[in-house]
Amino acid sequence: MVAHRGRSQKRQASACSAPSTGSSGAEAGVESGIPTLAGPMPVEHFDVLIVGAGLSGVDAAHHLQALCPGKSYAILEQRERVGGTWDLFRYPGIRSDSDMLTMGYSFRPWTSPRTISPGAEIREYIEATAREEGIDRNVRFRHAVARASWSSREARWNVEGTRRAPDGREEPFALTCGFLLSCAGYYRYSAGYTPELPGLERFAGRVVHPQAWPEDLDHAGKRVVVVGSGATAVTLVPAMAKTAAHVTMLQRSPTWVVSMPGRDGVASALRAVLPGTWAYRLGRWKNVALQTALYQAARRFPRLTGNGLLRQARRELGPDVDVAAHFTPRYPPWEQRLCLVPDGDLFAALRERRASVVTGTIETFTENGIRLASGEVLEADVVVTATGLVMQPLGGVELEVDGGVVDPGTRLSYKGVMLSGVPNLAAVFGYVNASWTLKADLVCAWVCRLLNHMDRRGALQVTPTSRGDGPAAPFVEGFTPGYVRRALALWPKQGRRAPWRVHQSYFRDAVSLGWGRIDDGALVFSSPEPSAAPGDRVE
Ligand SMILES: Cc1cc2nc3c(=O)[nH]c(=O)nc-3n(C[C@H](O)[C@H](O)[C@H](O)COP(=O)(O)OP(=O)(O)OC[C@H]3O[C@@H](n4cnc5c(N)ncnc54)[C@H](O)[C@@H]3O)c2cc1C
């Protein structure tokens, strides 16, 4: 009964026959049932379950379909649409701050001339990928995963959560799978981060967080204060300044800002003379190389890079904006993500006085606005708290392995993809210094290589096992924005040596994940014995 159940069920559960939303659709693998509003729900089994239908989840499904065509899979998505971040965030001006040649998938050319892209176009690109490849048929929307428990005896994950019917009723669901691939992003979806804001309750105007932008908010003709200085704030300020009476960006301390063209001339020229796929590939590699070179230069020559950025800011802003006070951070460039402004839109809004920037500390909110510690008062009708995200590993899913609770913060990260001591689980976490998709593509292709390797070996279980290596560094090093500092304890740690290091380098990962041996000694392959007692395994 126990042994090799994953394999036998694999033949029964077909991803293609799986219904798309909400229904159990479970002719396969009915073994036990959990009570639901509509009666007992049978437990379905998949070879792979993907958590999340954002950029990475669709990437993962594409790779599974292309490289592991025999595997059944489903995507569990808590929301009602694909797109993740690019569907959730709806604030004015929402756009990428990476170029879309590297933010696009390796397998699907980005064809718009805009390489710094509006969020809606990114959402359409992800949706079109899911639709045209038939991936959307395998997404179970409104399925929020809460727990996953691994059983070594059965070599499978039991995945549980809550699903929401279109009428809002909620009920539990349970599925099993041989491999769990977390594409749940890196932050909490339910609410963004808002720090203690003294006196906020006294403010008579409207307060909004960019993560929950109200559809009915009309800021035209209003005085707006945007609290924050990160990527979201520098996007919002010029966008809102188009119609607002005035927009003030209120920052506690400055951030490095760089202006880049919103369109890529080289990419357009390549598209004009080469077939689309080749133009995209070349443009992508050009940008990977450029990004890597600029990042390395900034880390090696921080003063030179900083001076270059300040020169650009002075040139763009003119004499009326105090660059030393508002655009000269205390940290070196790239210790936090560099804020990109396409075609200098932020600088133009400031130069044309449709917006202004104030650096200071909030003493208290008043009925009409914000009073700063300096005594200055900023009057406002609308305050936007662009104060960031709450980072959350693995979509908040609680993990258990053979009855023991797993705290990811106490585990080592294997190649930035798996967790030490946790079988058959991989997660996508992109780069902090380059486009997320570059890493997502590599991880998804590597997971497929791993699954095919396991099939060839006849192994049902793979467990990253560190022999002697212990935690030596946080998951991300030398990168210190507040949202990362607040959450690093929850993330797995790096060891001293490969494969327990997490590189923020596409080239190194392309070698390690693309070409490195799967059977590297750190991955232990096993299967339950046909008549194994609980916990017994053969290696
Ligand atoms: C405003 C903003 C701008 C950004 N701009 C860039 C950029 O320009 N370049 C860049 O490289 N990166 C950027 N990022 C990072 C961005 O998140 C990635 O680019 C990319 O969208 C991540 O894709 P993902 O699919 O891994 O995660 P997400 O887009 O976060 O998608 C995760 C999906 O998983 C679902 N999910 C989560 N938990 C569960 C659960 N427990 N059960 C079921 N479903 C679950 C979510 O609902 C969501 O649909 C930006 C992030 C933000 C917030």
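This is a short walk through a predicted model, one selection at a time.

**Start with the whole chain**

Show the chain as a cartoon and colour it by secondary structure. Turn the view along the principal axes, and the C-alpha atoms fill a box of roughly 80 × 50 × 50 Å.

The accessible surface of the chain is about 22,700 Å², and carbon and sulfur atoms account for 53% of that. Of the 539 residues, 55% are buried.

**Next stop: the ligand**

Select the ligand and the shell of residues around it. There are 32 residues in that shell, and the ones that come nearest are Ser56, Glu77, Asp97, Ser98 and Tyr189. Colour the shell by class and you get 16 nonpolar, 12 polar and four charged residues.

- Ser98: a polar atom of the side chain sits 2.6 Å from a nitrogen atom of the ligand.
- Tyr189: here a polar side-chain atom is 2.7 Å from a ligand oxygen.
- Thr85: an N or O atom in the side chain is 2.8 Å from an oxygen atom of the ligand.

On its own the ligand has 970 Å² of accessible area, and the protein covers 96% of it.

Go back to the cartoon to see which elements the shell draws on. Helix H2 (55-67), helix H3 (85-88) and strand E6 (143-151) each supply at least two residues. Which of them gives the most? That's E6, with three residues.

Is His143 buried or exposed? It counts as buried, because its relative accessibility is 3% and the cut-off for buried is under 20%. Zoom in on the side chain: one of its polar atoms lies 2.8 Å from the backbone oxygen of Phe141.

Step back to Arg142, in the loop between strand E5 (139-140) and E6. Check the backbone here: phi is near 60°, a positive value in a residue other than glycine. Arg142 also counts as buried, at 12% relative accessibility.

Jump to Pro499, in the loop between helix H13 (482-487) and helix H14 (506-514). Look at the peptide bond from Ala498 to Pro499: it is cis, with omega near 5°. Pro499 is buried, at 14% relative accessibility.

What does Pro499 touch, leaving aside neighbours within four places in sequence? Its contacts are Ser413, Tyr414, Lys415, Asp520 and Ala522. Pick Lys415 out of that list. Pro499 and Lys415 are 84 residues apart along the chain, yet their C-alpha atoms are separated by 5.3 Å.

Centre on Lys415, which sits in the loop between strand E21 (413-414) and strand E22 (418-419). Like Arg142, Lys415 is a residue other than glycine with a positive phi, in this case near 55°. Lys415 is buried as well, with a relative accessible area of 9%.

**Last stop: Gly283 in helix H8**

Finish by selecting helix H8 (residues 276-300), where you'll find Gly283. Its relative accessibility is 0%, so Gly283 counts as buried. Show the residues around Gly283: not counting those up to four places away in sequence, it touches Leu101 and Leu270.

Technical notes. Residues numbered from 1 in each chain as written. Predicted model: local features only at pLDDT ≥ 70, side-chain atom pairs only at ≥ 80, totals over all residues. Heavy atoms only, no water. Near = heavy atom within 4 Å. Polar contact = N/O pair within 3.5 Å; in protein donor to acceptor, adjacent residues only side chain to side chain. Areas by Shrake-Rupley, 256 points an atom, 1.4 Å probe, with all protein chains shown as cover. Helix = DSSP H or I, 4+ residues; strand = E, 2+ residues; numbered from the N terminus. Nonpolar A, V, L, I, M, F, W, Y, C, P; charged D, E, K, R; others polar. Buried < 20%, exposed > 50% of the residue type's maximum accessible area, 1.4 Å probe, protein only. Contact = heavy atoms within 4.5 Å.
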